[in-house]
Amino acid sequence: MPWILLVVAGLLEIVWATALKHTEGFTRFWPSALALSMATLSFVLLSAAMKQLPIGTAYAVWVGIGAVGVAIAGIVTLGEAMSWQRMGFLALIIAGIIGLKAVES
């Protein structure tokens with residue numbers, strides 16, 4: 001169960017970070033409300049997962065899911081550049097997340 005909470009927390013990190021891009025410095029209400037509420041929920045779920053998972057593993061996986069997800073969201077929805085180098089480094093992050101999960105099980 002803590003791994004499910006952690007993955008959901010990481011997915012919510014993608015939502016709040018992407019919404020943050022659209023807040024225009026917290027001057028737009030709905031993107032700001034979405035970003036703040038999803039960030040809060042993401043932190044709550046991360047905290048719950050940390051009750052049973054080591055802090056280093058939980059935080060690294062949470063950040064990794066968010067970093068990869070936001071980078072992909074930027075490419076897909078915001079037209080950010082995609083290169084084989086960028087994709088390669090994102091793959092390394094994914095490999096790290098899988099490795100941390102593997103040694104934690």
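Let's begin with how the chain folds back on itself: of the contacts with a separation of 6 or more, 63% are between residues 24 or more positions apart. Contact here means heavy atoms within 4.5 Å. What you are looking at is a predicted model, in which local features need pLDDT of at least 70, side-chain atom pairs count only at pLDDT 80 or more, and totals for chains, interfaces and linings use all residues. Residues are numbered from 1 along each chain as its sequence is written, and side-chain values use heavy atoms, with hydrogens and water left out.

How confident is the predictor in the chain? The average pLDDT is 95, and 99% of the residues score at least 70; pLDDT is the predictor's confidence in each residue, from 0 to 100. Confidence is highest in helix α2 (residues 29-49), at a mean of 98, and lowest in helix α4 (residues 84-104), at 92. As a rule for reading any such model, where pLDDT is low, the predicted coordinates should not be read in detail.

Now for the overall layout. The chain has four helices and zero strands, giving the pattern α-α-α-α along the sequence. Helices (H or I, at least four residues) and strands (E, at least two) are DSSP runs, numbered from the N terminus. Along the principal axes, the C-alpha atoms fill a box of roughly 40 × 35 × 15 Å. The chain exposes about 6300 Å², and carbon and sulfur atoms supply 75% of that area; accessible areas come from the Shrake-Rupley method with a 1.4 Å probe, and for residues, only the protein chains shown count as cover.

Of the 105 residues in the chain, 34% are buried. Buried means under 20% relative accessible area, exposed means over 50%, and partly exposed lies in between (1.4 Å probe, protein chains only). Keep those words in mind as we visit some individual residues.

Is Met1 buried or exposed? Met1 counts as exposed because its relative accessibility is 67%. Together with Ile4 and Val8, Met1 forms a nonpolar patch on the surface, and the three have about 320 Å² of accessible area together. Patches are made of residues with over 30% relative accessible area and no salt bridge, where like charges are joined within 9 Å and nonpolar side chains (Val, Leu, Ile, Met, Phe, Trp, Tyr) within 5 Å. A salt bridge, in turn, is a side-chain nitrogen of Lys or Arg within 4 Å of a carboxyl oxygen of Asp or Glu.

Next comes the loop between α1 and α2, where you will find Glu24. Glu24 has a positive phi of about 50° although it is not a glycine, and it counts as exposed, at 54% relative accessibility. Phe26 lies in this loop between α1 and α2 too, and its phi is also positive, near 60°, in a residue other than glycine. Phe26 is partly exposed, with a relative accessible area of 46%. Arg28 is another residue of the loop between α1 and α2; at 38% relative accessibility, Arg28 is partly exposed. Leaving out residues up to four places away in sequence, Arg28 touches His22 and Thr23. From Arg28 to Met38 is 10 residues in sequence and 16 Å in space, C-alpha to C-alpha.

Moving into helix α2, look for Ser42. Ser42 is buried because its relative accessible area is 0%. Which residues does Ser42 touch, not counting residues up to four places away in sequence? They are Ala9, Leu12, Glu13, Trp16 and Trp62.

Finally, let's turn to the aromatic rings. The structure holds three aromatic pairs. The rings of Phe29 and Trp30 are edge-to-face, because their centres are 4.7 Å apart and their planes are at 80°. Rings of Phe, Tyr and Trp (its six-membered ring) pair if their centres lie within 6.5 Å; planes under 30 degrees apart count as stacked, over 60 as edge-to-face and the rest as tilted. Phe29 is exposed at 56% relative accessibility, and Trp30 is exposed at 67%. The rings of Tyr59 and Trp62 have centres 5.7 Å apart and planes at 40°, so this pair is tilted. Tyr59 and Trp62 are separated by about one helical turn, because they are three residues apart in helix α3 (residues 55-78). Tyr59 is partly exposed, at 45%, whereas Trp62 is buried, at 3% relative accessibility. Ring pairs also bring in Phe43, linking Phe43, Tyr59 and Trp62 into a cluster.
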